[in-house]
Every structure is written in structure tokens, then in C-alpha cells.
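Subject: Handover of a structure and notes on it

Dear colleague,

Please find the sequence and the structure below.

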Amino acid sequence: MIGVTEQGAATLLEVKGVSRRFGGLSAVDDVSFKTAKGEVVAIVGPNGAGKTTLFNLLSGHLPLSSGEIEFDGQTITNLPAHRRARLGMGRTFQIVHPIPSLTVLENTMVGAFHAYPKRNQAIKRAEECLERLGLMSQAGMLAGNLTLGGRKRLEVARAVAGNTRLLMLDEVMAGLNPTETEEAVQMIASLQADGMTVVVVEHDLKVVRALAAHVVVLDHGAVIAAGEPNEVLDSPQVVEAYLGTKRSRHE
Amino acid sequence: MTKPEQVQAGEERTCASAKSGLSLKKLKPSHASMVSARTAWASYVGALVALAVVLVLLKGDEYFLGLAAVGILFAALACAWNIIGGFGGQFSLGHAVFFGVGAYSVCLLRVNHGWSPWLALVVGAVLSAIVALLLAWPLFRLSGVFFAIGTMVLAEVAFALSIYFEWTGGAAGVTIPFAMRTINDTFTWGVIFLGFLAACLAVSILVVRGRLGYYLVAVKENHEAASAAGASPLAVKTIGLVISAVLTAIGGGLFIMYLGFLDPPSVFSLVDVGVFIPLLALVGGIGTIVGPVLGGLLLQPAQAYFRGEFADLPPGTSQAFIGVLLIVVALYFQDGIWGKVKNFMRKKRDRRD
Amino acid sequence: MDLPIVVVAGLFTGGIYALVAVGLNLVFGVIRVVNFAHGEFVMFGMYGAYVASLWWGLGPYISSWLIVVPVTFVLGVLIQKFVIQPLLRQHLMQIFATFGLLILFQNIALAATRGETLTVKSSSSSSSIEVFGLSLDVTRLIVLIVAVIFTGAIMLFLRTSIYGVAMRAVSQDRATATLMGINVNRTYAVVFGASTAIAAFAGALISPAYSVTPTIGLSFALPAFAVVILGGLGSVGGSLVGGLIVGVVEALSGYYIDPALKQAVWFVLFLAVLIIRPAGLFGQRGDVEMD
């Protein structure tokens, strides 16, 4: 059962009416969207819009209150996080989570093991990923000693190491300087060129316009707009939702 | 830090495993698991040979031979505990339960049903695996201290039950009649215990170098990152616990075959087993491969020796000393002997660059 | 029917457990440390009452206030400063260290008494009063009453007095409390000292009813853990309710099944709470479980 989006490409991720309620409050309210294979989709919205909660629902770190999620045609709504990772969904965290007492290489191996169970296979795969992400020179360093930029790249390396098909990046640009941001954009673009499907949560709308083919705008947990970046981000509704945060209104 | 030429060599290299071992060495492994397979297993064999030599040298002196033999056994038990307690970071105060299951299985099956003790060992191992599986789900939901409390309460319950039930021999325990004891020679037992240590160490090395070891560390340090990477925290911890439980049960069975006698305190005692084994791992270096073995080899015979030498002191003096040791080590010596050695070597390496 | 007697006996035991658990709970609630040696302070209180009775002829109801409480408070403060404070964020080492204290105290007691069991003689040792046709042991009744009053007093204190509020502030948010001018370390020292003093106080009070042995500490500490989990971490009122429940369940199972299986009862309660509702009766979610 493969869904088809406007471009005619196969759907990798389908989110149907997903909600998460805490007591009486809806952190995520009836959100639906589709992501085609090889696409970059950005989830944007003002602070507190529910973006990271939505991510946690997608990756399995938070259970749904209602709705369904399908990954490559398979219903994953009730699968725990580690099972989703094994199916090919990798994610990074907004606050980076390196494993401090392991080296950079070993951190990446942890991500590789479910697809490359043997030690030597995992080492080789981890080294490939580190080379890809420019971390090879620090492979032997303890993850706790990396700079923030290094740790973010390590998160990505670990997330892609296991034959990942859908990469979910949660505010991966946060805290990076302009040079690092540019490098990160290049890296995401190159991953996409190799066939990776990417879903990003992003505050930096310049990055969103540069990378994403499709944007979903959240406000107070609900989708208020979706479509191509240039259409959506300039629409009066979205601008109003962001009103007050001058910083995010890049021209 | 690595030098540019070494990085070049790493990048150009193909995927031959022997070469990857070499290039990793140049990348300054900070983790025991990253030394090459050759180094790891060579050190393993070397250590075992050294211990065998010690046993041979002590042959003839029953007292010291006995100390060494039991020291080797407890080194193995510390090693087994370390798999879940050190690598996995799940501080179990209840390993006495697995120890006891193994010991009682051997004793009861041998004495009451005439089973071969080796077969009984297998039964004990299987039983303790089942116990570990059953306990994993409720206990592993608990964070740190509460897991420790839960395992401690469990050990106390096992203690109470073993006194309560008649078929366990009650408070008096069970004695294996002399006629039923096949091996009575201390040297032979020393060799058997050394074989057991070899097994526990080998399992430790395989765990640390393989997927389970990495998953255990990942789950210990960061639950969410581990599950995002594809590791199920519950499954990982459960497997670690089962492996640790099985080894501990075998150790318990072997110990009882050696002693020829068991009673509830000797098996379920918090001081002598439940907290003592983790202490051995701590003193030697928790979470390392070498540490627990070192702790067991040094501390257990030392403690037995002092208890013997100072037997005329008021009862409980040597145990009070263990209490003090626990406090002092927890405050000032957390890395343990091997941990300090590793830190020292790392500082030397970093300074050399 | 024997049932009322059994229930009353359970309530009495429960009162003791509650009193012992209150201190444990306070330490966990405010300092976020589990003191495995907590039961040893109960034993200390019992020995203190014995010594006070032997050397100075003081009854336990006097010696407990005059001697046992102050001495134990000071001891508790010292332990907190030198053993607990340095290990505040290191949970694994806290376990080792407090266990070390447990073993140390147990064996000091063993060495000092050479394993002898000691009993305090008191005027109320074997007296009982009649209430509703039941013959109740005075000592235990006093302990139950004290437990209820005491728990109520502490709850009031935490809610209304400035020091109580400070303690609650520290337990909720260490950093902010410091910014508000609360001396967090001193709060910790006082709370720990108080918890050990309460435990010793309980020990002194029950000394007429129990003979003290070096290993008696754990037989109060273990049920206290079950009580803390059942009542809910950080909830003082929960400790009282939990304590009474544990006491009654223990008494009932002792009557209908077998008194030797006390420990099994504690464990079953402990496990049951953890499986059904880890937060306990009055606790907050997330304190005990991981996810």
C-alpha cells in the first residue's frame, strides 16, 4: 500500500490524525501529513507549537493519544522506539545525547549495530559514516570532549549508521554559528542526494527555504498551513503566528 | 589526539579486519573494548597462565592454596556481577539469590536425589536464568537506587524463605556427606575455579567487544539515545542480567561442592555475598574487565586471611573493617585500582602528544 | 474473634514502621538520597535507651528526649557532612557508602555486645490497658499515638513554618532555592540529622517492647522501604498511611499464613506497588520509575 504525493513519488512516512493530550491540554492536535521518499520536509512553528512533541510521537519516545503513523506502508503506531529505529527511522535530539564514556567511533557503532551486528562490520560502517560527516579525525576522542558542533554531527552519524531511510533532525542548527550552519545545510543536502528522506524541525527559516520541498506549519499543536516553503512561509496566517519573533522573519 | 598521517592511513584503508585493528590502535583507544582482538585474548591467556603458575607454586601449603583457590572463585563471581552491575550500571544487591539458587540446586539434587553435581549445576543455571527473566520486567522499570533496593529486598526474602521451608534444610542447611564428595583435593578445586574464571572472563570479553556490551553502556548512560539507536533498554538489561545470573549460579554451585556444606547465612548473607561481590568489583575497578578480577584476587584472600589471623578480636571486627572499606572506597577511590591505572596511562599518553 | 486483636497488633507495628519511614522519606524527598543505614539508627536509639536505663536509671520516655535524640542528631549531621554531601550526585557510590555505614554500625554493635541480646526494663514494660474490651499493650499504644501526632506535626511544620517551606523549596528546586538565599547544605545537614534522630527516637520508644540485637536494624529498615514506596516518595502523610497498611497486612498474613514469612510480605507489597502504581498512594509519578 504505497501512497502517492503530488510529485508521484512513493510515500515513506504518513502521519494520520496524530494527537497527544496531557490531561485536558492537546500538545499535538490532529496532525496529518505525508513525506515522499527522498524529500526534505520541514516542520516549523513558533515556540511551544508542539514540534518536538510531534517528533517524539513519530520516533516512538512518546505514545499517541490518537491517530496512526505509517512508515513505508507499515503501521508503526504501537511500535516502541527501538523497533522503529530498526525499521530505518533515525533521529537526533534537540539537546544532544552523546554517550559520554564511549569514543566518537563507538558512539556511531551503537547506531550501526542493529543493521551490522558483527563487531567488524559495525566498525567499518561507523568509519564510513564518520568520514561522511567529517568526524574521522576525532574518531578516537571521547564523545564528551567534542564541541557542540561536533556532538551534533555525531548525533547525525549515529542516526544514519543503521541503514537509515528516514532521518529526523530536531533543531539540529540550534546553537551553531553561520559557518557551521552552512556546513550542516550542505551535509543534509548531500544526504538527500544519496536518497535519504529527511524530516527537520527548524527555527531558522532561511535553512528551511534552502532545503525543504515541503513545509508543515504548527501552531498550538495543530497544522495551520502546509505546502511549498515560499507559498506557506509568506502567507498572512503563518506570519501572524510568528508575529513578535522578528528574528525568524528572514527576508 | 591523532596525528594527520595516522588519519590518512585510516581513511585509505580497506575493510580488512586485522588492519582496522591496527588503525584503531593508532587512534588511541580509550575503551578496553577497542584494543585489537589479538591483544585482548593474548592478555587473557597470559593472565590465566600466571594464575595457574601461582596455584602450582602454592601446592603443598593447604592454607594458602585454599585462600588462592577461593580468591579465584570470587574473582570470577565479581567478573560475572560486573557484566550487569558494572557494564550495565544496574547495581544489583541481589546476586546472592542467583548464588543461592545454584548452591541449593547442587546441594539438594545431590544429597536428596543422588544426582551428579555437574548435572545439578546445569539445573541451577537454568533455574537462575528463569528467576532473572521473571524479575527483569518489574525491577528494570526502576531507576538506580530503587533497583538496588528491590534486589536487596529480594535477597532478604530468599534468605527468609530458605530458613522457612523444610525441604531447603531450614536454618541448619544441608551437608553433603563425605562419601558423596568426589573431589576433595584443594589443588584440583583451584584448577576448577580457574577454569570457571576463564569462562567468566571470556564471557566478559565477548560481551564488552560485541553488540551487547555497547548497548549496555548506551542504555546505562542514556536511555533515549539507546532506544533511538535501535537498542531496547529492557531487552538489553535483561540479557545482561540473565548472563550474569547464570554465571553466578554456577559459581554458587561450585563453591558449595568445594565446601561440602551450606546454610542460609553463608549463601544469602548481605555482607559476605550480596554487598561483598560488588565491593570486590568496586575496589578493583568497576566497569572494567580487569578490575573485578583484580579486586577478587586481592581482597577476598586478604579478608579471609585477616579474619583468620585476628580471630581473637571481638566478633564482627573484620566485618566492621569491610564497612569502613566500603565507605572509604566510595568516597575516595571510586575508579578502583584498575581504573586509576587506566587514568594514569591515559594521562601519560595525552602528555606524550 | 481474634481478628480485631490481629488488626490492632498490625496497627501498632504499623505505627513503628511509619515513624521509622518518616525520616527515610524526608531524606529522600529533600536530599534525594537513600540511606541504607537508616535502620541502624533505630538500633542506636534502642541501645541508647538501654544504656541510659542501666547507667542513669532513666526510663526510655525521658532518655529518648534528653540523650538519644540530641546525640543522634549530631551524629546524623556529621555523617551527612562527611559521607553524604561529597557523594550528592553519585548514586552508585551513595549506595556503597551507606551500605558501608550499615555494616560498620551493625558490627560495632556486635563487637560491643558480643552478640548478647539486651532488654530495657521499664515501668510500662508489661502493662496493658483495656480499651473496648481488648487488652492493649501500653508501650505499643504510646508508639502508635506518638507516630500519628508526630507525622501530623511534621506535615504541619512543612506546610507552615519557614523552615518547612525552605525544605520543600530545596526538595523541588535546589538551584532556585540557593538563589533565594536558602543555605542548601545546611538544610541537608539538618534534615539528615533530623531523620536519624527520629529513627533513634522511635527506637528508644519501642525499647520496652523489643529486645535489641545487633541485626535488628534491617528488620525495621526493610519494611520502612516498603512503606516509603507504598505511601509515595516524599509524602510524609503517605508514610503514616503506608506504615499502618504494611503493619496490618503483615499481621494478617502472619495470622492466616505464617509469621515467619514477614519478609516475603514486605517484598510482595513492594513489588505490587511497583507494578501497579510506582508512585505509591500519595507520591508523584516519575520519582521511582525510569520512563
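**Chain B overall**

Of the 353 residues of chain B, 58% count as buried, where buried means under 20% relative accessible area, exposed over 50%, and partly exposed in between, with a 1.4 Å probe and protein chains only. Please note that this is a predicted model, in which local features need pLDDT of at least 70 and side-chain atom pairs count only at pLDDT 80 or more, while totals for chains, interfaces and linings use all residues. Residues are numbered from 1 along each chain as its sequence is written, chains are lettered from A and ligands numbered from 1 in the order in which they are written, and side-chain values use heavy atoms, with hydrogens and water left out.

Chain B has 17 helices and 2 strands; helices (H or I, at least four residues) and strands (E, at least two) are DSSP runs, numbered from the N terminus. Among contacts in chain B between residues at least 6 apart in sequence, 79% join residues at least 24 apart, a contact being heavy atoms within 4.5 Å.

**Helices of chain B**

Helix H5 (residues 95–113) of chain B has 19 residues and reaches 26 Å from its first C-alpha to its last, close to the 27 Å expected at 1.5 Å a residue. The expected span of a helix is 1.5 Å times one less than its number of residues. H5(B) is largely enclosed by the rest of the structure, because 16 of its 19 residues are buried. Just after H5(B) comes Gly114(B), which takes a positive phi of about 65°.

For helix H15 (residues 290–309) of chain B, 20 residues at 1.5 Å each should span 28 Å, and the end C-alpha atoms are 29 Å apart, which agrees. The buried residues of H15(B) include Gly291(B), Pro292(B), Val293(B) and Leu299(B).

Two packed helices are described by the angle between their axes and the distance between the axes. Helix H4 (residues 62–87) of chain B packs with helix H9 (residues 211–221) of chain B at an angle of about 40°, and their axes are 9 Å apart. Axes are lines fitted to C-alpha atoms, for helices over the stretch in contact, and angles run from 0 to 180 degrees between N-to-C directions. That angle makes H4(B) oblique to H9(B); angles under 35 degrees count as roughly parallel, over 145 as roughly antiparallel, 65 to 115 as roughly perpendicular and the rest as oblique. On the H4(B) side, Ile83(B), Ile84(B), Gly86(B) and Phe87(B) meet Leu216(B), Val217(B) and Lys220(B) of H9(B).

**The four-stranded sheet of chain A**

In chain A, 4 strands form an open sheet in the order S2-S1-S4-S5, with antiparallel pairing. Two strands pair if DSSP finds at least two bridges between them. The edge strands are S2 (25–36) and S5 (74–75) of chain A, each of which pairs on one side only.

S1(A) and S2(A) run antiparallel and are joined by 8 bridges, and Val18(A) has Val31(A) in S2(A) as its bridge partner. Their hairpin has 2 residues between the strands, and in it Gly23(A) takes a positive phi near 65°.

Strand S1 (residues 11–22) of chain A is also joined by 5 bridges to strand S4 (residues 66–71) of chain A, and these two run antiparallel. Here Glu14(A) stands opposite Glu70(A), and Leu13(A) has Phe71(A) as its bridge partner.

S4(A) and S5(A), also antiparallel, are joined by 2 bridges, and Glu70(A) has Thr75(A) in S5(A) as its bridge partner. In the hairpin of S4(A) and S5(A), Asp72(A) takes a positive phi near 50°.

**The six-stranded sheet of chain A**

Another 6 strands of chain A form an open sheet in the order S6-S7-S8-S3-S9-S10, with mixed pairing. Strands S6 (89–91) and S10 (222–227) of chain A stand at the edges with a single partner strand each, so one side of each is left without a neighbour in the sheet. From one strand to the next, the twist averages 15°. Strand S3 (residues 40–44) and strand S9 (residues 214–219) of chain A run parallel and are joined by 4 bridges, with Ala42(A) opposite Val215(A).

**Between the chains**

Of the 2 pairs of chains that touch, chains B and C have the most contacts. Chains A and C do not touch, and their nearest C-alpha atoms are 10 Å apart.

Yours sincerely
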